[in-house]
Amino acid sequence: MSGGARLRSWLARPWPVRPWPVRMRPLRPVARYVLPSAPRLRPMGLRTRLTAAFVAVALLAALLASGISYVLVRRAVLQRVQDTEISDARQTVARYVPATAPPGVGEIVRQQLRVALNNGDRQAWVTDVPDPVAGVSPARNLRGLAGRALGVPVSQDFLEQAVRITVFQRVRSHGHAYLLIGMWPGPPDGATWLDPRPLVIVAVSLRHEEQELASLTRALLIADGLAVLMALVMALAATRGVLRPVRVLGRAARALGDGDLSARVGERGRDELTDLARTFNRTADQLERMVGELRAKDAASRRFVADVSHELRTPLTSMVAMAEVLAEDGGEAARLVAVETRRLGALVGHLIEISRFDAGAAALVLDDVVVADAVAATLDARGWTDEAAVDGPPDLVVRLDPRRLDVIVANLVGNALRHGGTPVRVTFVPERDGVELTVADTGPGIPQDLLPLIFNRFVKAEAARSRSDGSGLGLSIALENARLHGGSLAVANAPDGGAVFTLWLPSADEEDEK
Amino acid sequence: MRPITGTPPVRAALAALAGLAAVLAPTGCGVRATGPVGAGDLPRLTAQPNQVAVYLVRNGKLERVPRPGLLNEPYLGLQQLTVKPSVTETRQGYRSLLPDGVVLTAEATDLDPGGLLTVRVNRANVDWPRLLLGEVVCTANAAPNVKQVRLDYPISVAVRGKGGGPEESKMLDNLFRRMAIRYTCAEFADLTAN
């Protein structure tokens with residue numbers, strides 16, 4: 001088939017109707033950023049921290065309040081019993097011990113005091129103490145007697161004070177608290193006591209007060225527990241209120257990150273979170289506007305390229321045909337013109353192809369393809385059978401678009417032949433429900449700084465190749481084709497030099513005629 | 001950009017809790033022991049119950065001598081009879097005829113509604129001269145609401161080996177007879193000095 005006929009048949013293919021459908025695509029369609037689904041209760045999440053803070057504050061307040069009230073109540077209770085008992089003892093002593101006593105009534109008075117002072121919780125010990133001799137304490141030798149009689153240890157210090165003033169002391173004995181009251185009623189001025197005056201020691205059991213305090217402690221602890229429980233419930237309710245807008249915001253932000261620029265949140269309320277929501281909405285507005293402008297510009301420039309390509313195609317077709325005719329007549333210059341014109345035609349073809357991908361107008365025409373046969377046919381059609389070594393299972397059948405596979409393989413092998421040099425190895429193996437096809441050359445490989453850019457349009461390995469055969473669009477077209485299949489195309493440098501392109505194409509479903 | 005952080009509320013609350021525990025721990029729970037604490041002066045004795053009258057003997061006559069009383073002890077005079085008169089009283093010539101070892105007691109329950117007071121004597125074999133009897137009866141009669149006085153002796157019927165003779169039963173009869181007598185101080189008016 002002559003060049004002109006091939007061109008004509010190529011031009012005769014159906015073209016998409018203009019104007020190009022403009023379809024907004026997400027900014028980053030490949031790397032879809034999906035957050036892991038958030039668990040309900042994170043160890044250090046907001047809910048946990050807020051709840052812990054609530055509970056801690058409630059516990060702190062409850063403990064502080066109950067501690068203070070406990071101390072106050074205890075003081076009041078003990079003060080009450082002390083006041084009552086001391087006043088009671090003083091009154092009893094003052095009633096029963098006369099200012100002037102008849103002779104020989106010591107035992108009668110002591111017995112009266114014992115009877116008057118003893119009751120269920122109170123025990124009195126009364127003994128006669130002679131008036132102090134100089135240098136000898138009247139309270140000596142009484143400690144053991146008092147302790148044995150009352151069943152509560154009485155300190156010497158207490159007794160020494162009891163003969164001077166009214167004194168009380170709280171002591172603990174056998175796990176119980178007692179109130180000791182001691183006094184030695186003094187003689188009135190001018191009156192004489194014929195008998196030694198009675199020393200009165202009263203031991204009051206504080207059993208009731210201890211029970212009272214124990215029940216108070218119980219009540220306070222129960223109240224504290226209830227307060228903490230209520231704080232927990234209120235904290236959960238409050239965090240629900242706080243976290244709902246946060247969750248809504250988070251969902252909207254995720255949607256925005258995933259490319260849904262129309263994501264907005266409600267702005268009800270007048271708290272800080274509402275401010276945040278408003279800010280988010282404004283940011284999203286700005287982003288949507290800016291992205292929209294960028295996309296419009298991008299689409300306009302792509303459309304411009306497409307239009308230009310189409311406008312160039314018609315005159316170029318004539319030029320190619322004319323150049324072919326001129327080249328057949330001979331002449332070096334004419335042949336050069338013919339070659340360059342053909343290159344120009346190919347470039348325009350590639351541009352149109354790329355424009356279709358950009359416009360989203362590219363479609364798959366699926367078929368069951370024997371990969372070995374398809375690769376062989378591709379190499380054969382371009383006369384590369386001798387320059388490329390093919391290795392792979394001969395019976396591997398994959399469902400894909402054979403024309404696009406042809407384009408990809410042709411671009412990869414052509415690229416390898418042009419820039420890497422022979423021998424080129426084409427290897428394909430079944431992989432992940434599809435086919436993995438590797439094209440490796442033995443050239444110098446691709447410069448490290450160019451690796452991430454190699455699939456970009458018009459990127460060429462070296463400046464000197466700006467005049468090389470390639471249009472600079474072949475690898476871009478190959479990548480677009482791979483993506484159209486839902487597959488991938490990657491590049492790497494082999495450890496022993498040479499670029500390695502790895503293509504993976506999944507086998508399409510039977511009814512997937514996308 | 002500097003990350004915006006807040007003070008973790010949990011840590012602050014824990015610190016506050018620790019501080020609270022440190023403040024409240026020394027006070028502890030329950031009733032704590034204390035040292036001796038003063039609660040005012042010693043009570044001053046001001047109470048002076050009604051005096052009781054005691055009849056002592058001076059110059060062979062009964063004389064009424066006042067003694068300080070005690071609360072709820074209306075018959076303290078009987079007890080006072082058993083106490084030796086004070087030095088001052090002895091110097092003034094007062095003495096009591098009651099033998100040593102004799103104890104006279106009377107309780108509030110020993111006064112019957114008719115005003116009869118039973119005075120319990122701890123010994124049966126007391127020789128009762130009229131002056132001594134007058135001392136006891138008048139002292140008992142001086143107590144409020146007492147109109148008549150009766151003496152009560154402990155009765156011990158000792159059954160010896162030979163059995164009670166007529167002499168012993170005569171003594172018992174005598175005792176019962178004496179216990180039945182009711183005295184008033186007026187009967188001894190001839191012995192009182194005034």
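Trainee: Where is B:Asn72 found?
Mentor: B:Asn72 is in the loop of chain B between β3 (61–67) and α2 (76–81). Helices (H or I, at least four residues) and strands (E, at least two) are DSSP runs, numbered from the N terminus. Keep in mind that this is a predicted model: local features need pLDDT of at least 70, side-chain atom pairs count only at pLDDT 80 or more, and totals for chains, interfaces and linings use all residues. Residues are numbered from 1 along each chain as its sequence is written, chains are lettered from A and ligands numbered from 1 in the order in which they are written, and side-chain values use heavy atoms, with hydrogens and water left out.

Trainee: Is B:Asn72 buried or exposed?
Mentor: B:Asn72 is exposed, at a relative accessible area of 55%. Buried means under 20% relative accessible area, exposed over 50%, and partly exposed in between (1.4 Å probe, protein chains only).

Trainee: And what is phi of B:Asn72 near?
Mentor: Phi of B:Asn72 is near 60 degrees, which is a positive value in a residue other than glycine. B:Asn145 has a positive phi too, near 70 degrees.

Trainee: Where does B:Asn145 lie?
Mentor: In chain B, B:Asn145 lies in the loop between α4 (130–141) and β6 (148–152). B:Asn145 counts as exposed because its relative accessibility is 61%.

Trainee: Switching to chain A: how many helices and strands?
Mentor: Chain A has 11 helices and 11 strands. Of its 514 residues, 42% are buried.

Trainee: Which residues gather in a patch of positive charge?
Mentor: A:Arg240, A:Arg244, A:Arg247, A:Arg251 and A:Arg254 do, on the surface. Patches are made of residues with over 30% relative accessible area and no salt bridge, joining like charges within 9 Å and nonpolar side chains (Val, Leu, Ile, Met, Phe, Trp, Tyr) within 5 Å. A salt bridge is a side-chain nitrogen of Lys or Arg within 4 Å of a carboxyl oxygen of Asp or Glu. Lys and Arg count as positive, Asp and Glu as negative, with His and the chain ends not counted.

Trainee: Where is the place of A:Arg247?
Mentor: A:Arg247 is in helix α6 (residues 207–257) of chain A, and A:Arg247 is partly exposed at 38% relative accessible area.

Trainee: What about A:Ile222, where is that found?
Mentor: A:Ile222 is found in helix α6 of chain A, and A:Ile222 is exposed, with 54% relative accessible area.

Note on methods: Areas by Shrake-Rupley, 256 points an atom, 1.4 Å probe, with all protein chains shown as cover. Charge placed at Lys NZ, Arg CZ, Asp CG, Glu CD.
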